[in-house]
Amino acid sequence: MRSSSSWVALLAVAGSASANAVEKRDLAYSEPHYPSPWMSPTAQGWEEAYAKAKDFVSQLTLAEKVNLTTGVGWQGEQCVGQVGSIPRLGFRSLCMQDSPLGIRYADYISGFSSGQTVAASFDRSLMYRRGKAMGEENKMKGVDVLLGPVAGPMGRVAEAGRNWEGFSPDPFLTGVGIAETVKGIQDAGVIACAKHFIGNEQEHFRQTGEAADRGFNISDPISSNIDDKTMHELYLWPFVDAVRAGVGSVMCSYNQVNNSGSCQNSKILNDLLKGELGFQGFVMSDWQAQHSGASSAVAGMDMAMPGDTIFNTGLSFWGTNLTLAVLNGTVPQYRVDDMAMRIMAAYFKVGRSAEEQDPINFDSWSRDTYGPIHFAANEGYQQINWHVDAQKDHGDLIREIGAKSTVLLKNEGALPLKKPKFLAVIGEDAGPNPLGPNSCSDRGCDNGTLAMAWGSGSADFPYLIAPIDALQFQALEDHTRIEAILSNYAEDKVEALVTQEGATALVFVNADSGEGYIEVDGNAGDRKNLTLWGSGDELIRNVSSLCNNTIVVIHSVGPTIVSDWYDSPNVTAIVWAGLPGQESGRSIVDVLYGKVNPAARTPFTWAADAKDYGTEILTKPNNGNGAPQQDFPEGVFIDYRALDHAGVDPIFEFGFGLSYTTFNYSDLKVVKANATKYQPTAGKAPEAPTFGNYSTELEDYLFPESFPHIWQYIYPYVNTTSSAKDASQDPDYGKTAEEFLPPGATSSGAHNLNPAGPGLLDQSGGNPGLFDIMYNVSAVITNTGKIAGEEVPQLYVSLGGEDDPKVLLRGFDRINIEPGSSATFTVSLTRRDISNWDVDAQDWVVTSSPKTVHVGSSSRKLPLSASLS
């Protein structure tokens, strides 16, 4: 790993989970970067939204602008997050709602496959269609901002609890996944929220309160210490794609980055996100991830969620305090104007209207038809649920995604099944949760088949078809004898069943994880290890020792260690089905019986040993009572890059997956494009604009006498006009911006554009030259088998530098090819694809190192190669 002295001083100690406590002077440091860039009226793709936002925001008072930026408090209204309304203009409060695979806390909605699962499809169309379907359901329920998709965690550590919410530890695949999902969600008229920005790579120590509940006394959340090169080439990469896709919102994360809280980290928000990437949307905090008022405002945060400092306290860093901050000059007017502009521009960009808003027709806190609209205060009794059925025909799509995302890892001729005489189905994962699929809050248990993991990234199932359900229907059609033992511990019964003549044993196993506020079987969000749950490995060894035709199906949140049994000759097939969602059973039957010819690829590496990944969860504080320090010494070398770099062979490499047919690769061609020379962006952004005037008289912000006061509800008003200090109730009130904010934090003057960023007229996402096409690469793929099938050709690039990974994914497709026929696989390589981040130049460069392009069926099966001149 290399570091940039201009940004971060990495810790001097080794970055292992068992490292000794570090001294304060050695802590990583995040440089301040001010002022917070304001929107550009000419940013490509945002022009119309900007104009509409300007018209709207120019009508608002200061209190109304503050209302638009501040949540009303946890359980203050129907959604998991809502900002204040603007009654004068008839504008209801905006609704923010989980999750990245459905709608949390709602009825009559779909339970979709996870992001990681659809990533395994390597199918852009499926990623888009999934996003579009989720967006449609959210819009029908009245949701304005869908809290997803996810690119953080990316998957630095295989055991990390929320990897399944994202797509892949490969930044290119995650970038494609997040971009296609954003497009789908927003094409449906709902704002997507890319999260969690950034370096949010484990659950342990993400919040001080959670840590305290588990006996750890830490003053601040964990710090992800990431060097400049690694940040750009790995963790920031997929967020570039999200921003380039036009994402309306980005959520800053719980963790610190280089010892500065993500939601008040001016380097990552002002410099990287809004400066270098030219992000035009708004930054919202994760729930309780805001830890300051004026500081987070000038550092680039635009919306405080859920509004209260701690749930149900009625206290807020913003609300009244943001109003006062503008009045006393510690937050400039242009910053609050820019917050409101960004929020409304994102709203208008997805086709919404200020005049006609879809009503919120569900309630997160109750399924009752009538109840209090303000749940925390138990006030406002009215109809709160309309029980709108938003599912459409999305079950068919979920079934298709589940099947097309199922990875065939091993097959010794056992699959596809062809009217087997006798199926012995073994394992708890084959059957339903005996208490129902939604019996555990936020899916916080592992009972029955695993189709969704736990946490705020979950949703309620409208139904869940377990594998045994679909298998029995298929068996009925085929006149197959089928018996099931839906337990992992009935050894005698299992032996009696699978040793019978003609038995084909189907063993279903799983491994679960989730968000850190829930602990299941000692797994505090993050997994304790990479073994299968419920003694699944032992179950497989037991069954395969008795039956010479044992087929294993794994539902999991990521890789597990299969070394002890995968190569047994009696294990005739292994299938990874991820977290397929509500159609789990029918999806897996489609693949097992050949109705769908598998083509999916594993979106992560299956290592022989957990240590082969080179990273681990930090489970013990290593900085006294200060913020735990999680170094990233591996740099860009995670997952397959790590194993390649160390010369370690995996069990199943990244990008690997089998089919029921075979393919041949040939005729690699590379044609150099006539790209123009890269030009760093020059020029200045104009002075910060302001929209409308505001009163500087405290009396004008007194809580209106005619307005109802709801307990714990966050308002922009003051409760007294005796003095601003009395209204604030802040013992430190009265300090000027110069006394407690970094230099330039409130500056409104013209500032230089980032050389690696877009110009004022360019599309967001970075310097436009990065997306110039440099090479066009093609190869011919031939189906050499006897049945039609889809193939996933992959293109990798070797950048050639001493510190570069051996290969990097830079292109893929999913192509249907008839037997005996051929198809052409094409990829256009951009300048970004072949560049490195130069920490000294602070820009992307194409180095002089020799570069090679490789094409094949996985990261380690690359039969075609050519140099890039």
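This is a predicted model: local features need pLDDT of at least 70, side-chain atom pairs count only at pLDDT 80 or more; totals for chains, interfaces and linings use all residues.
Figure 1. Residues are numbered from 1 along each chain as its sequence is written, and side-chain values use heavy atoms, with hydrogens and water left out. The buried residues of H14 are Pro467, Ile468, Ala470, Leu471, Gln474, Ala475 and Asp478 (buried is under 20% relative accessible area, exposed over 50%, and partly exposed in between, with a 1.4 Å probe and protein chains only). They cover an arc of only 160 degrees around the axis, which puts them on the same side of H14; the arc is that of the directions from the helix axis to the C-beta atoms. Phe473, Leu476 and Glu477 are exposed on the face of H14 turned away from its buried side. The buried residues pack against strand E13 (422–426), strand E14 (481–485), strand E15 (503–511), E16 and helix H17 (584–592), contact being defined as heavy atoms within 4.5 Å.

Figure 2. Histidine 479 lies in the loop between H14 and E14. Its phi is positive, about 60 degrees, although histidine 479 is not a glycine. At 74% relative accessibility, this residue counts as exposed.

Figure 3. In helix H15 (residues 491–498), the buried residues are Val494, Leu497 and Val498. Their arc around the axis is only 80 degrees, which puts them on the same side of H15. Among the elements that cover them are E13, E14, E15 and helix H16 (536–546). The loop between E14 and H15 contains asparagine 488, which counts as buried at 12% relative accessibility. Not counting residues up to four places away in sequence, asparagine 488 touches Gly427, Glu428, Trp533, Gly534 and Leu539.

**Figure 4. Strand E17 and its two partners.** Six of the six residues of strand E17 (residues 571–576) are buried, so this strand is largely enclosed by the rest of the structure. Strand E12 (residues 407–411) pairs with E17 in the antiparallel sense over four bridges, where pairing requires that DSSP finds at least two bridges between two strands. Within this pair, lysine 410 is opposite isoleucine 574 of E17. Strand E16 (residues 550–556) runs parallel to E17 and is joined to it by five bridges. Here isoleucine 554 is opposite tryptophan 576 of E17.

**Figure 5. Nonpolar cores.** The largest nonpolar core has 153 residues, and those with the most contacts inside it are Met96, Met284 and Trp287. Such a core is a set of buried Ala, Val, Leu, Ile, Met, Phe, Trp, Tyr and Cys residues joined through side-chain atoms within 4.5 Å. Helix H12 (residues 333–349) gives the most to this core, with ten residues. A second, separate core of 32 residues includes Val407, Val494, Ala600 and Phe656. Leaving aside neighbours within four places in sequence, methionine 284 is in contact with residues including Met96, Val145, Leu147, Cys193, Met303 and Met305.

**Figure 6. An open sheet of four strands.** The strand order is E25-E24-E30-E31, with antiparallel pairing. Strand E25 (808–812) and strand E31 (864–868) are the edge strands, each pairing on one side only. Neighbouring strands are turned by 25 degrees against each other on average, direction ignored; axes are lines fitted to C-alpha atoms, for helices over the stretch in contact, and angles run from 0 to 180 degrees between N-to-C directions. Strand E30 (residues 851–856) and E31 are antiparallel and joined by five bridges. Threonine 852 has serine 867 in E31 as its bridge partner.

Figure 7. The peptide bond from phenylalanine 197 to isoleucine 198 is cis, with omega near 10 degrees; isoleucine 198 lies in the loop between strand E4 (191–197) and helix H6 (208–213). A cis peptide bond also links leucine 415 to proline 416, with omega near 0 degrees, and proline 416 belongs to the loop between E12 and E13. Glutamine 75, in the loop between helix H2 (62–69) and strand E1 (81–82), has a positive phi of about 65 degrees although it is not a glycine. Glutamine 75 counts as buried, at 16% relative accessibility.

Note on methods. Helices (H or I, at least four residues) and strands (E, at least two) are DSSP runs, numbered from the N terminus.
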